[in-house]
Amino acid sequence: MKKIISIVALTPLILGSLSPIETIADTVESSNSNNSYNPFSSQILIPDPVLHELVNNALRKPLDYEPSESDLLTVRELVFSTVAGKTINDWSGLEKLTNLEVLSDSGSNSISEDSNFSGLISKINQLPNFTSLDLTQTNFDLSILSNLTSHTITNIAVPFPRTTVYTSDFGFLEQVLQNPSLNTINFYYNVQNSASISLMYINNMGSEDLRGPILPPGYTLQITNLPQDWDFNSSKFVYSGTIDKRTTISGRVKFLGPSSDKIKFGSRFGPVDSFNSNFIFTPQSQVVVNVHDSSLYVGDSWKSEDNFDSALDKDGNSVAFSEILVDDSNVDTTKPGTYNVTYSYDGVTSTAKVIVKAKQTAVNVHDSSLYVGDSWKSEDNFDSALDKDGNSVAFSEILVDDSNVDTTKPG
C-alpha cells in the first residue's frame, strides 16, 4: 500500500506588519494588562480568600486574579489595613512569599482579632528574608510571640497593654530577645495617656506589693523619677511622711534585664526605654484583727479566745485579746451547726466561723456463749467501731476490760 504525504506551504498573512502568531501574543498580553485573570496559573496557591485578597492588593491585581509562584516572589510588603476588619483563618501559601520583608497594619486599621495569629507566626518563621513585624493597631494575644523563632527579624512593633500592663504576662520576651538580629521590640502606646494602677497604703509600712507585670527570668521592674520623699524598693512604694487622703504620684517604669536595651515604649517614631505611669494610693488603717475558723464536736469545750490570733493598733503595736470586742452570742456547742463570731477593734472587724459537728462515735459488739475450757479472747465479741468523724477504728485502738471473765467456771 502506498502512503501519500501532502506538504502544504503556509503563506504568512500580513495584517499591517503583524503575523498571526504575533497577534495572538499581543492578545494574551492585553488580557494580562487588564488584570482580569492569570491564564498561566495552574493551581490555587493562596486558599484563604482574605489572604488571597491581601496578596492581590500587594500585587495591584483584581480580587479574582490567581497569582503564580513568580508573582509571589515579587511581594516584599503586606499591609493589613487593605483588608481591615476581615478574618484570616488559613495562612497557607504565605511561606511562598520568600522575599517578603515587612508585615504591617500601616498604623491605622488591621485584620480581625478573630484571625489565626498562631498560624501567622508559624509562617513568619519560614520566611528567609522577613525583617519587620509592625502591628501596633492589631489586637492579638501577645503571648503567641513566644513561638517566634525567626532570626531574621530586626524590628517588632506591637500594641502596649497600657490599661492592663501590671497584670500582663511579658514572658514571651524571653524567646523574642533570643533573636541575635533583633534591634528593637517597641510597645506602641498613645503618648497622651499613662499606665495606671491603684494600691492600698498603710502609713509607716508602705504600699501593698506591686505584683505585676510578669517578666521573663532575670528581669525586674525598675521605677524611677518619683516625687521627693518617695521610694520604690523591691515591690513596695514607701513615703517618708504620712498619707491622709487618696494620693497619686507618677514615675518612669522600665523592664530591667540582660537585653532590656532592645525593649522600647512609645510611638514608632519616638521609642524610649521606659514609660510613664501613675500610682494611686488609698490610705488604710494599720489596725489589724487576725482570727481563724475552727471545728469542734457537740459537747466539746470552747471559748472565743480560741479563734483569736493577733491584733495591731493604728501605730502597729500589739493589742491584747482583753481589748477586743467579741460577739459570740449565737454559738451553741450543744447543737451541730456553723456559727459566726465577730472580733472588733477600733472600727476594724473580722469574723471567724465555729463549726460544731455531731459526734459519730460508736462501738458495736455482740454477746456469745461457750463451754468451760473453751478458748476465748475479747476480740471475739467485737464487731466494729467508728470515731467521732465516722471513720472506722481498728480493734487495737479499743480499750477493753475483760478482767472478770473466767472460762474455767460457768457464769
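User: Where does Pro213 lie?
Analyst: This is a predicted model, in which local features need pLDDT of at least 70, side-chain atom pairs count only at pLDDT 80 or more, and totals for chains, interfaces and linings use all residues. Residues are numbered from 1 along each chain as its sequence is written, and side-chain values use heavy atoms, leaving out hydrogens and water. Helices (H or I, at least four residues) and strands (E, at least two) are DSSP runs, numbered from the N terminus. Pro213 sits in the loop between β7 (206-207) and β8 (220-224).

User: Is the peptide bond from Gly212 to Pro213 cis or trans?
Analyst: Most peptide bonds are trans. The bond from Gly212 to Pro213 has omega near -5°. That bond is cis.

User: Which residues does Tyr166 contact, leaving aside neighbours within four places in sequence?
Analyst: Contact means heavy atoms within 4.5 Å. Gly212 and Pro213 are both among the partners of Tyr166.

User: How many residues does the largest nonpolar core have?
Analyst: A nonpolar core is a set of buried Ala, Val, Leu, Ile, Met, Phe, Trp, Tyr and Cys residues joined through side-chain atoms within 4.5 Å. Buried means under 20% relative accessible area, exposed over 50%, and partly exposed in between (1.4 Å probe, protein chains only). Those with the most contacts inside this core are Leu145, Tyr166, Phe187, Phe237, Phe275 and Phe279. The core has 69 residues.

User: Why is α2 described as largely enclosed by the rest of the structure?
Analyst: The buried residues of α2 are Val50, Leu51, His52, Glu53, Leu54, Val55, Asn56 and Leu59. They pack against α3 and β1. α2 is largely enclosed because the buried residues number eight of its 11.

User: Which residue caps the N-terminal end of α2?
Analyst: The cap uses a side-chain oxygen, 3.0 Å from the backbone nitrogen of Val50. A polar contact is a pair of N or O atoms within 3.5 Å; within protein, one must be able to donate a hydrogen and the other to accept it, and residues adjacent in sequence count only if both atoms are side-chain atoms. The capping residue is Asp48.

User: How many residues of helix α4 are buried?
Analyst: α4 covers residues 117-124 and is mostly covered. Its buried residues are Phe117, Gly119, Leu120, Ile121, Lys123 and Ile124. What covers them includes β2 (102-104) and β3 (132-134). Of the eight residues in α4, the buried ones number six.

User: Is Thr184 buried or exposed?
Analyst: Thr184 belongs to strand β5 (residues 184-188). Beyond four places in sequence, Thr184 touches Thr154, Asn155, Ile156, Lys262 and Lys264. Its relative accessibility is 18%, so Thr184 counts as buried.

User: What is the phi of Asn204 near?
Analyst: Most residues other than glycine have a negative phi. Asn204, in the loop between β6 (195-202) and β7, has a positive one. At 66% relative accessibility, Asn204 is exposed. Its phi is near 75°.

User: What separates the C-alpha atoms of Leu73 and Lys96?
Analyst: Leu73 is in the loop between α3 (69-72) and β1 (77-79). Leu73 touches Lys96, Thr98 and Asn99, not counting residues up to four places away in sequence. Leu73 and Lys96 are 23 residues apart along the chain, yet their C-alpha atoms are separated by 7.4 Å.
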